[in-house]
Amino acid sequence: MQDNIEALMNFGLTRQEARIYILLLTEGALSGYEAAKRIGISRSNAYGALAGLVDKGAAYILEEQAVQYQAVPVKEFCFNKLHFLKEMAEELEQQIPKEVYQNENYITIRGRQHVEDKIRNMLLETKERVYFSVPLEIAALFEDELEKLIAMELKVVLLTEMPEEKADFLRGAVFYYTDHPDQQIRLITDSSYALTGELQDEMHTTCLYSANPNLVKLLKEALANEIKLIAIQNE
């Protein structure tokens, strides 16, 4: 229940709106009085939350003998929200002033979700090649993005453990099999952007990202040496 509330809050609902939205989904159409009684809040708070749900496209008003509220199906609500955000993103990209962004700065990214987002965006923006030293379980998180790069016939090089069950995992990538005793990741895209650090839990994940040539060169040399060592061990 709590996870569902947190997820709905990511779609713009307040905590109270999310609670009542889930109530409407599970119990069907309700009046404001009934919703307040079920949740255990004041009628004024319930009506405020229901009005918010209607405004945000998460509920409909049923005009019958007494006004009732019915939840919009969650798939429809989420689709509509994502469609709206996509249109807004395109509009902002066209209209908002271009940001001054110093690519050569060293940027510390904290939090697992933020690091995963950065990796995903680095892969989506890749034009030529990717070198990715990463534990297999983490590489699998980015399988869709890596598959797209392979389909585009870009060079994808992975330094990771050998897959056991998934023999067709990222077919078309170049693999160098090695052990990853920790959660360390190193990623270089287009020989221009680098990210390095450890992907642990949300609180303890920290990575360094930069387009600084010194960091990129240092990371490239480290990966090149690791590839040479793997080749020697395999002889």
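User: What should I know about the numbering and the cut-offs?

Analyst: Residues are numbered from 1 along each chain as its sequence is written. As the model is predicted, local features need pLDDT of at least 70 and side-chain atom pairs count only at pLDDT 80 or more, while totals for chains, interfaces and linings use all residues, and side-chain values use heavy atoms, with hydrogens and water left out.

User: Why is the protein chain called more spread out than a compact globule?

Analyst: Start with its make-up: nine helices and nine strands, taken as DSSP runs (H or I of at least four residues for helices, E of at least two for strands) and numbered from the N terminus. The radius of gyration is 24 Å, well over the 18 Å that the globule rule gives for 235 residues, so the chain is more spread out than a compact globule. That radius is taken over C-alpha atoms, and the rule is 2.2 Å times the number of residues to the power 0.38. Along the principal axes, the C-alpha trace spans about 80 × 45 × 35 Å.

User: Why is Thr-160 called buried?

Analyst: Buried means under 20% relative accessible area, exposed means over 50%, and partly exposed is in between (1.4 Å probe, protein chains only). Thr-160 has 0% relative accessibility, so it counts as buried. You'll find Thr-160 in strand E5, residues 155-160. Across the protein chain, buried residues make up 37% of the 235.

User: Which residues does Thr-178 touch, and is Thr-178 buried or exposed?

Analyst: Contact means heavy atoms within 4.5 Å. Not counting residues up to four places away in sequence, Thr-178 touches Leu-159, Thr-160, Glu-161, Glu-226 and Ile-230. Thr-178 lies in the loop between strand E6 (174-177) and strand E7 (184-189), and its relative accessibility is 18%, so it counts as buried.

User: What makes the phi of Glu-153 worth a look?

Analyst: Most residues other than glycine have a negative phi. Glu-153 isn't a glycine, yet its phi is positive, near 65°. Glu-153 is in the loop between helix H8 (143-151) and E5, and with a relative accessible area of 73% it is exposed.

User: Where is Asp-190, and why is it called buried?

Analyst: Asp-190 sits in the loop between E7 and strand E8 (193-198). Its relative accessible area is 14%, so it's buried. Asp-190 isn't a glycine either, and has a positive phi of about 55°.

User: Why is Ser-192 called partly exposed?

Analyst: Its relative accessible area is 30%, so Ser-192 is partly exposed. Ser-192 is also in the loop between E7 and E8, and its side chain reaches the backbone oxygen of Asp-190 at 2.9 Å. Leaving aside neighbours within four places in sequence, Ser-192 is in contact with Ser-210, Ala-211 and Val-216.

Technical notes
A polar contact is a pair of N or O atoms within 3.5 Å; within protein, one must be able to donate a hydrogen and the other to accept it, and residues adjacent in sequence count only if both atoms are side-chain atoms.
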